[in-house]
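Visitor: Could you walk me through this structure and tell me what the terms rest on?
Guide: Gladly, let us look together.
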Amino acid sequence: MELCSFLTLDSFIKDPLTHDFMRKALLMSSLVAAVCGFLSSYLTLKGWALMGDAVSHSVMPGVVVAYALGIPFSLGAFIFGVGSVALIGFIKQKSRVKEDTVIGLVFTGFFALGIVLVSKIKSNIDLHSILFGSPLGISLSDVKQTIFISLLVVILLSIFRKDLMLYCFDPRHAKTVGINVFFLHYLLLTCLSLAAVVGLQSVGIILVVAMLITPGATAYLLTDKFDNMTVISVLSAIISSLIGIYVSFWFDLETGGSIVLAQTFIFLFAFLFAPRYGIFKLKKLFDGYK
Amino acid sequence: MEIINYQNFRIEAENICVDYNGKVALYDANLRLKPGQICGLVGMNGAGKTTFFNALTGFVNISKGKIRINGESVRSAQKDQTIAYVPQNEGIDSQFPISVWDVVMMGRYGSMNIFRCPRESDVQAVKDAIERVDLTDHLSTPIGNLSGGQRKRTFLARAIAQRASILLLDEPFSGVDIRTEKLISELFIQFKNEGKTILLSTHDMIHVREFCDLVLLINKTVVAYGETSEVFTPENITTTFGGISPDSLFGPES
C-alpha cells in the first residue's frame, strides 16, 4: 500500500474499492456508525456517556465466553452488558457509594475479568481485534450478526423515537400521562448494549464509547431541533467512518483509532465554527455583514 | 363525621407514606380536594412537596396509604390523562433541542397511537393551548431561546393541551416576569370556573393569600390543612418552617 506520488482524488477513493475486504469494511462500518449515531442523540441528551462507557467495557467477558463456548458473541456481550447495568443499579441502591464510583468500579471489574479470561482460555481469540476493532477482517457470520442487530436497533429506535425523546426530556410527564417509563429505560439500555456490541467490531471495546457519544455531541452543537440532531449525528458518524477507513488504508494506520479520530476532528470543527454554539459564532459574524 | 362520597373529590389522599430506600420523605399525609378548588402546598425545601406531587402522579410508589383520583386509582388516572404536572423551571433541561410546539404536543402523547402521530384534533388542541398562554409568535422557537416566563407558559400550555382536570404546579411563580404572573393568575380563575382542581407549591406567602382557597402546610407530614383564612396563621407557618419566624421567609428561597 505505497502512497503513489501521482495519486489523484479519483484513485484515492476508487482504488481501495477494488479490494473485497475494503468494500465490506466500508459498508459494515457505515452501518454500525449509522446505528451508533442514531442512538448517540439520545445518550448525549440523557447524559448517559458514562453509562455508555460502562456497558461497552463490560461486554468484554461476554465476548470471550461466547467465543469459548462457540455461541454468537453478540449474545454473550449482550448478557454481560445488561448484567453490568443491573449490578450498578443494585450496588448503588444497597450501599452508600456514589453512582459514578459504582459505575467505574463495576465496568473495570468486568473488563479485568475479560482480560483474565482471555489469558486463561488461550484459544484463537485475538485480543487485539477485541480491544481495537478489526473492520478489515470481519467474517461472514459477523456480517450477518451485525446486519441483524443493526436493523433491530434501528427499528426499535424508529418505533419509539418520540417516546424516547420524551423520556430523555421529561420522564415525569411521561409517567403522568401513562407512558411506560420503566419499559423505555430498559429499551434504551438494551439498544445501548446492542450498539456497543456492533460498534466494537469497528473500533474495538476501548473506543466504542466514542461512537456512542461523539456524533451526538457534534450534532448538539449544530442544531436546536431534535430530528435534525439525529440526522446530523448519523451523517457525521458515517462520514467519520469512511474517512477513518480510507485514511487508515492509505497511510497504514490503526483503523479503529482513525475512525474515532475523524469523529473527534469533526466535533472540534463544530466546537469552533458551529453557527450559534461554536467558539467563533459564525452566525453572528454573517449577520453583522448583512 | 360526614360519609365520604369519593365521586365528590378530585384528589383523595389518605395517610400516604413515601420512603426512598428506607429514608422517610413523607408520612401520614392527607389531602382532599374538590373540583374548582385551588390549594397551596407550602413547606421548606425537603419538606416533601415534590414527593407529594410525585406520589399523586404515580412517579413514586407510596409505601402506605391510599390515593384516589376522581374516585379511581392513580394508574387509571394516568391512562385517562387526568393529572398534568407543570415542572419548575429548574426541573427541566432548557438546552434540550425542542421547540415550543413540540413540548406542547407532548401533552397529547398519552392519547395518541404508539407512533405518536398527531391527529387533526391534537393539532387543534395544541394551537388553542399555545394561544391561551399567548405564545403564538413562538411556535417553532427552541425552548432554550425563551425567557423564564415564556418557558413556564409553554409547560402550562402543555397541561392545557392535555385537557387534564387536575393541575399540579411546582413553583409556578418563581422566576417569571410580571406579564407571565398576570397571565397565570388569569388562567387560574378560568381553570377554577372550568371546574379544574389546582395544587401548587410555592415559597411566596403573598401568592398563597391571593390565589389559594385552601392551604396545606407540610413538613414531612401535614402540619395544618384547611381554609387559607383559618389555617395560614403565623403560628402554623412557624411550625411548618421548623421554628423560623414568618418574617424571615419572605426573602428568597429558604
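Guide: We start with a definition: two residues are in contact if their C-beta atoms, placed from the backbone, lie within 7 Å. Helices are DSSP runs of H or I with at least four residues, strands are E runs of at least two, and both are numbered from the N terminus. This is a predicted model, where local features need pLDDT of at least 70, side-chain atom pairs count only at pLDDT 80 or more, and totals for chains, interfaces and linings use all residues. Residues are numbered from 1 along each chain as its sequence is written, while chains are lettered from A and ligands numbered from 1 in the order in which they are written.

Visitor: Which residues of helix 11 of chain A meet helix 12 of chain A?
Guide: Among them are S236(A), S240(A) and I243(A) in helix 11, and on the helix 12 side T255(A), S258(A) and I266(A) are included.

Visitor: Why are helix 11 of chain A and helix 12 of chain A called oblique to each other?
Guide: They pack at an angle of about 130 degrees, with their axes 7 Å apart. Angles under 35 degrees count as roughly parallel, over 145 as roughly antiparallel, 65 to 115 as roughly perpendicular and the rest as oblique. The pair is therefore oblique.

Visitor: What makes Y186(A) partly exposed?
Guide: Y186(A), which sits in helix 10 (residues 181-222) of chain A, has 14 other C-beta atoms within 10 Å. A residue is buried with 20 or more such atoms, exposed with 12 or fewer, and partly exposed in between. So Y186(A) is partly exposed.

Visitor: How do you know that chain B agrees with a compact globule?
Guide: The rule is 2.2 Å times the number of residues to the power 0.38, and the radius of gyration is taken over C-alpha atoms. For 254 residues a compact globule would have a radius near 18 Å, and chain B has 18 Å, so the two agree. Buried residues make up 44% of chain B, which has 9 helices and 9 strands.

Visitor: How many residues of chain B are in contact with chain A?
Guide: 25 residues of chain B are in contact with 21 residues of chain A. Strand 5 of chain B gives the most to that side of chain B, with 3 residues.

Methods
Axes are lines fitted to C-alpha atoms, for helices over the stretch in contact, and angles run from 0 to 180 degrees between N-to-C directions.
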